[in-house]
Amino acid sequence: MVRRPLGKRSNEPDIRGRLWFVGGLITLGFLAVIARLFQLQVVEHETYKLLASDQHGAAAQLVPERGSVLLKDRFDGSLRTIAADREVWNVFAIPREIRDASSTARIVSEFTGVAFDELFPFFSITTGTYRVIARDVPMERAEALRDERLPGIGVFKAPNRFYPEQGLGGHVLGFVGQNEQGHRVGRYGIEGSLNAALAGTYGSIQIETDAAGRRLSIGTTQLQEARDGSDVVLTLDRTIQYEACRRIANAVRDFEADGGTIIVMDPATGAVWAMCSAPDFDPANYGDISSVAVLNNPAVFTPYEPGSIFKPITVAAALDAQLINPRTTYEDKGEERIDDFTIRNSDKKAHGIQTMTDVLQKSLNTGTIFVQRLLGKERFREYVKKFGIGTKTGIEIGPEAPGDIRPLDKPGQIYAATASYGQGITATPLQMVSAFQALANGGTLMRPYLVQEVIAPDGTKTVTAPSVIREAVSTRAARLVSGMMVNVVEYGHGKRAAVPGYYVAGKTGTAQIPNPNGPGYLQDATIGSFAGFAPSDSPKFVMLVKIDRPRTVQYAEASAAPVWGEMAAFLLKYLQVPPERPITDTPAPPPPSPAPEPPTAATTTPS
């Protein structure tokens, strides 16, 4: 037997295995590093870039850009900005990092205009933390202050709301403030009602930390970037809105009135072309207001007893029910005794046999009571509802009041009787102009709207389509009452609303004001209104003018009517509506008619 020599067994396979194992570990480690680097530099690049910057740089990705509010030009379709964000320079301080409070306060005061006495106490707090000390600092001053390199002082850019157009009113726009979390938020008007669309969505960072709250270098970090807001295009016509705001402000001043409102609408669609009230506020300087009450939009927030501008609604209802026609007569005895109350005509006269056209032309309270009795209380109330009185219109701005027709649910006949000529129930100016819009377009009540379209950041558009609420009255009834209202302007109390060359349909209303401290009405205090449209046969606009408690004149024919007429003349020219009859000199204004009878125990509507 041949024996092989004894020797060491070969270990080459074991070495090769170990080398492969070690090499595999190194490769896996290398791949893990590559993967982590890919995650850090590519996947989480923006997150770590954000974490590496200061809190002001972070805001660019965590704070959304607020959408703009725009108006579309009627003639060329171009968009005009009336509210937008712009970057401004702000200055901040961290007192615990400030070395010389006095010197720093002096220098910062020079660049920012903030008083030394205001800065020094804060800068002297050695434990003081971050605070913005000056906003909207001119760029040159902010950059110069930054170049001073003062410890504890810094500058940064931030968005600020800018309203480039002056004279367009604050009630429709609203303003932008801050909520408890420091987020920018719209208040009132379009800025408030459409805040969700305009504001966008704030971003966020989620960071994995250890038990002590320190960020883990190998932990997961997630960044949710901000989503910018959408732009909102309004139905307002820039030129019409400017004229409305200018004219109502002048009227309130000239009549020494408490306030006033103008609304102009498209009778075919319900689009609001102008909505302005006085007194008003500047959205860019809302902090300067004397009372928060001025922030509410009177056109939608403040209901009032509309008075005789309500009479065409009563007459239209009876025309629709085919209970009367324009030549239907009744005997006007000058007063009516109802439920132990006496109601008289405003001129305190008995006019004898009168037609329904006379009722509107002469504004006879007894005439609309006659019409309401023909309708009956229940049917009259249903027609009031059909015209949208007592229900919010649903327009995009708020807060909106529904008006109050609950007195029509009370027992007795007095409430329906007084409501027939617009006293004892309330409506907002927007509800009243919407009711006249239904009369102007053939009887169809349209939903009024202010938002034409919303444009998302990706360019997607959401367009508002005109919306029919209901048929208030038949086309026949609407056209008949329109013709009857032409007589009001041609021969009645509405002469000063006339526009030479055109047939205008409208109605005056001088309403008493309820006593806020008890039953009855205030003495020598009225609200003058005029509502109407033109041209009467093919209306291009419908408009309401309301003057609250004028002191230099007392009646609507001397306050609201002439303002309406002047604005109507402008509108017909601006809308390029050709005259429909020869233009003659405007007739001399009629003498003032008697005021509504002062409230007494016998004429006060029960509470």
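In helix α11, the residues K311, P312, I313, T314, V315, A316, A317, A318, L319 and D320 are buried, where buried means under 20% relative accessible area, exposed over 50% and partly exposed in between, with a 1.4 Å probe and protein chains only. Helices (H or I, at least four residues) and strands (E, at least two) are DSSP runs, numbered from the N terminus. The model is predicted: local features need pLDDT of at least 70, side-chain atom pairs count only at pLDDT 80 or more, and totals for chains, interfaces and linings use all residues. Residues are numbered from 1 along each chain as its sequence is written, and side-chain values use heavy atoms, with hydrogens and water left out.

**The chain as a whole**

- The protein chain has 18 helices and 22 strands.
- Of its 607 residues, 50% count as buried.
- Among contacts in the protein chain with a separation of 6 or more, 72% join residues 24 or more positions apart; contact means heavy atoms within 4.5 Å.

- Helix α11 spans residues 311-320 and is mostly covered, with 10 of its 10 residues buried.
- The cover over these buried residues includes α12 (356-361), α13, α14, α16, α17 (475-491) and β20 (505-514).

**Helices α13 and α14**

- Helix α13 (residues 365-375) packs against helix α14 (residues 377-386) at an angle of about 105 degrees, and their axes are 6 Å apart.
- Axes here are lines fitted to C-alpha atoms, for helices over the stretch in contact, and angles run from 0 to 180 degrees between N-to-C directions.
- The two helices, α13 and α14, are therefore roughly perpendicular to each other; angles under 35 degrees count as roughly parallel, over 145 as roughly antiparallel, 65 to 115 as roughly perpendicular and the rest as oblique.
- On the α13 side, Q372, L374 and L375 meet K377, R379, F380 and Y383 of α14.
- The residues of this contact divide into 4 nonpolar, 1 polar and 2 charged; Ala, Val, Leu, Ile, Met, Phe, Trp, Tyr, Cys and Pro count as nonpolar, Asp, Glu, Lys and Arg as charged, and the others, Gly among them, as polar.

**Nonpolar cores**

- A nonpolar core is a set of buried Ala, Val, Leu, Ile, Met, Phe, Trp, Tyr and Cys residues joined through side-chain atoms within 4.5 Å.
- The largest nonpolar core has 85 residues, of which I190, L234, M275, F387 and M432 touch the most other members.
- Helix α16 (residues 429-440) supplies the largest share of this core, 8 residues.
- Domain 1 (69-234) and domain 2 (238-575) each give this core at least three residues, with domain bounds coming from an automatic or database domain assignment.
- Leaving aside neighbours within four places in sequence, I190 is in contact with V69, V172, L173, N195, L198, L234, I397 and V451.
- Another core, of 39 residues, lies apart from the largest one and has V252, F541, A561 and M567 among its members.

- E243 lies in helix α9 (residues 238-254) and is buried, with a relative accessible area of 12%.
- Apart from neighbours within four places in sequence, E243 is in contact with M567 and F570.
- R247 is also placed in helix α9, and at 19% relative accessibility R247 counts as buried.
- Not counting residues up to four places away in sequence, R247 touches I262, E566, M567 and F570.

**Strand β12**

- E331 is found in strand β12 (residues 329-332).
- E331 and Q354 are 23 residues apart in sequence and 6.3 Å apart in space, C-alpha to C-alpha.
- With neighbours within four places in sequence left aside, E331 is in contact with G352 and I353.
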